[in-house]
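Dear colleague,

A summary of the findings follows directly after them.

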Amino acid sequence: MDAFIGGMAILADPFTLFMILAGTVIGITVGALPGISGSTTIALMLPITLGMDPVVSLAFLGSIYCAANFGGSITAILVNAPGDPSASATALEGYKMAERGEAGLALGMSAVASAIGGIFSVVVMIVAAPLLARAAYQFGPPEYLALAIFGLSMCASVGGSSALKNLIAAAFGVLLATVGIDLTTGVERFTFGFYDLTDGVSFVAALIGLFAVGEMLEQATQQHGKPTLLKMDAVRVPGRAEFRKCNRSIWLGSVIGTAIGILPALGATAAALIGYNETRRWSKHKHEFGRGSIEGVAGPEAANNAAVGGCMVPTLALGIPGSATTAIILAGLIVQGVRPGPHLFNEQPTLLYAVFASMLAANLLYLVIGLGAAKLFARISLIPAALLWPAVFVLSVIGAYGANQSMGDVWLMMAFGVLGFLFRRTGFSPAPLIMGLVLGSMVEESLKQSLLIFGDDVLQGFAGRPIAMSLFVVTAAGLLLPPVFRMFWRQRGTEAKQA
């Protein structure tokens with residue numbers, strides 16, 4: 001209870017409240033910009049937070065994460081150009097509503113459903129935190145090793161649609177995690193004589209390069225037409241009739257989004273798409289879908305914002321990123337010396353509840369701001385790319401240099417930018433690489449510690465750790481069962497055709 005009260009007390013700190021408000025405004029703004037996602041923005045903002053207290057830093061980044069998902073729905077509804085990938089499902093029905101003059105109603109429902117979904121997921125986080133804390137003392141190096149390997153196995157479903165490409169990117173990230181001086185032996189690995197690599201690959205430079213610079217290079221290859229805003233009636237809070245109609249969709253999306261967010265590696269985009277499909281499946285007005293259904297706006301918006309809170313659960317409780325954006329937040333915590341995982345619930349419970357409080361405040365803030373200033377934020381999408389992306393590049397250089405005051409990190413950022421561009425052009429996703437980079441060092445260190453603990457009886461030592469063995473079994477099942485099921489159903493289909 002003391003930790004809960006201490007965490008909630010951050011809302012009484014004016015500076016923290018200001019940073020939450022700033023993060024909310026920034027999140028809505030960048031969410032309304034097609035091409036600049038929340039993950040790109042958090043990568044750019046990460047260097048600014050390195051000098052902050054970890055609580056304030058998490059509050060700021062978490063506010064951006066929450067608000068960016070809602071911001072993406074503004075342009076999804078008005079110009080059929082989702083500002084954030086998680087808003088792609090919203091565009092299916094929201095733009096149809098805008099075309100028939102109901103853009104204001106669609107934006108109002110988007111704001112309300114987003115806030116309800118986000119608040120629901122935060123409440124689930126608050127309830128789940130004490131339950132996860134009870135298992136904290138059972139975790140040692142063997143459990144962390146099993147957990148990290150489980151996280152790496154989830155890389156197959158992160159980012160791109162090709163599981164093989166995702167695993168290749170993750171393996172490359174693990175390889176990059178070995179760069180630098182081995183703390184056990186003192187041997188330099190893969191530094192090639194560059195002093196800047198002796199401490200390993202800079203998380204900040206890698207994140208900014210892969211997401212911000214890589215996206216900038218990708219955007220430079222595309223011809224953009226100037227979007228046209230549809231005429232919009234006043235943004236208004238949905239009335240009793242709309243709420244009665246969308247009540248089931250909002251709560252269904254909230255539950256689906258939270259559950260999918262908790263599963264490592266899926267994230268808000270998958271939650272929104274599944275939320276849209278399930279909303280349509282259980283709707284009493286299926287004929288309205290495809291023509292501008294307000295339920296088709298409420299369901300995915302509740303789901304993608306609920307997934308934000310859900311994604312923070314594996315990130316903070318297990319140290320496994322729940323999405324590409326939380327992978328960046330996780331890297332930022334590690335840079336600041338905070339190691340997420342089961343022990344965090346016992347060592348720094350106030351930090352966790354502070355995160356919950358900041359996300360709760362962010363959801364309430366973007367509800368108010370979204371209803372009051374949606375028209376203004378919508379016009380942000382009209383900023384010319386010729387002005388937008390040079391500004392992003394300048395911020396990228398400043399951010400990469402500012403972390404360690406090293407030009408080597410700037411060149412490293414440029415190299416990762418080219419790599420991020422090549423990834424996008426060849427169908428690879430940068431998210432598995434980041435997960436490999438984050439979890440690779442965890443695998444190496446926990447493996448060394450486990451070997452020192454068990455000595456010559458490694459197999460027997462792991463066999464005596466039920467949590468570790470359970471995680472190994474779950475990892476093996478996750479990797480082996482899907483192809484087995486595919487083979488089974490393929491064989492059943494062949495037999496049915498022959499019959």
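Beyond its neighbours within four places in sequence, Ser-249 is in contact with Thr-279, Glu-295, Ala-298 and Gly-299. Please note that the structure is a predicted model. Ser-249 belongs to helix H10, which covers residues 240–262. Its relative accessibility is 3%, and Ser-249 is therefore classed as buried, the cut-off being under 20%.

In the whole structure, the search returned 5 aromatic pairs. One of them joins Phe-120 and Trp-251: the ring centres are 6.0 Å apart and the planes stand at 70 degrees, so the arrangement is edge-to-face. Phe-120 has a relative accessibility of 25% and counts as partly exposed. Trp-251, at 42%, is likewise classed as partly exposed.

A further pair is formed by Phe-454 and Phe-462, with ring centres 5.1 Å apart and planes at 65 degrees, so this pair is edge-to-face as well. Phe-454 is buried, at a relative accessible area of 13%, and Phe-462 is buried at 11%. Together with Phe-472, Phe-454 and Phe-462 make up one aromatic cluster.

A charged side chain also lies over an aromatic ring: Lys-165 is placed over the face of Phe-428, at 5.5 Å from the ring centre.

Where is Ser-406 found? Ser-406 sits in the loop between helix H16 (385–404) and helix H17 (407–426). With a relative accessibility of 11%, Ser-406 counts as buried. Its side chain reaches the backbone nitrogen of Gly-408 at 3.1 Å. Leaving aside neighbours within four places in sequence, the contacts of Ser-406 are with Asp-196 and Tyr-401.

Ile-168 may also be of interest to you. Ile-168 is located in helix H8, which runs over residues 163–177, and at 43% relative accessibility Ile-168 counts as partly exposed. In sequence, Ile-168 and Gly-436 are 268 residues apart, while in space their C-alpha atoms are 9.8 Å apart.

Turning to the chain as a whole, the secondary structure amounts to 20 helices and 2 strands. The chain has 499 residues, of which 54% count as buried. When contacts between residues at least 6 apart in sequence are considered, 79% of them join residues at least 24 apart. The chain exposes about 21,300 Å², and carbon and sulfur atoms supply 67% of that area.

Finally, a word on confidence. The average pLDDT of the chain is 77, and 84% of the residues score at least 70. Confidence is lowest in helix H1 (residues 2–8), where the mean is 67, and highest in H17, where it is 88.

With kind regards

Note on methods: Residues numbered from 1 in each chain as written. Predicted model: local features only at pLDDT ≥ 70, side-chain atom pairs only at ≥ 80, totals over all residues. Heavy atoms only, no water. Helix = DSSP H or I, 4+ residues; strand = E, 2+ residues; numbered from the N terminus. Buried < 20%, exposed > 50% of the residue type's maximum accessible area, 1.4 Å probe, protein only. Contact = heavy atoms within 4.5 Å. Phe/Tyr/Trp six-rings, centres within 6.5 Å; stacked < 30°, edge-to-face > 60°. Lys NZ or Arg CZ within 6 Å of the ring centre and 35° of its normal. Areas by Shrake-Rupley, 256 points an atom, 1.4 Å probe, with all protein chains shown as cover. Polar contact = N/O pair within 3.5 Å; in protein donor to acceptor, adjacent residues only side chain to side chain. pLDDT = per-residue confidence, 0-100.
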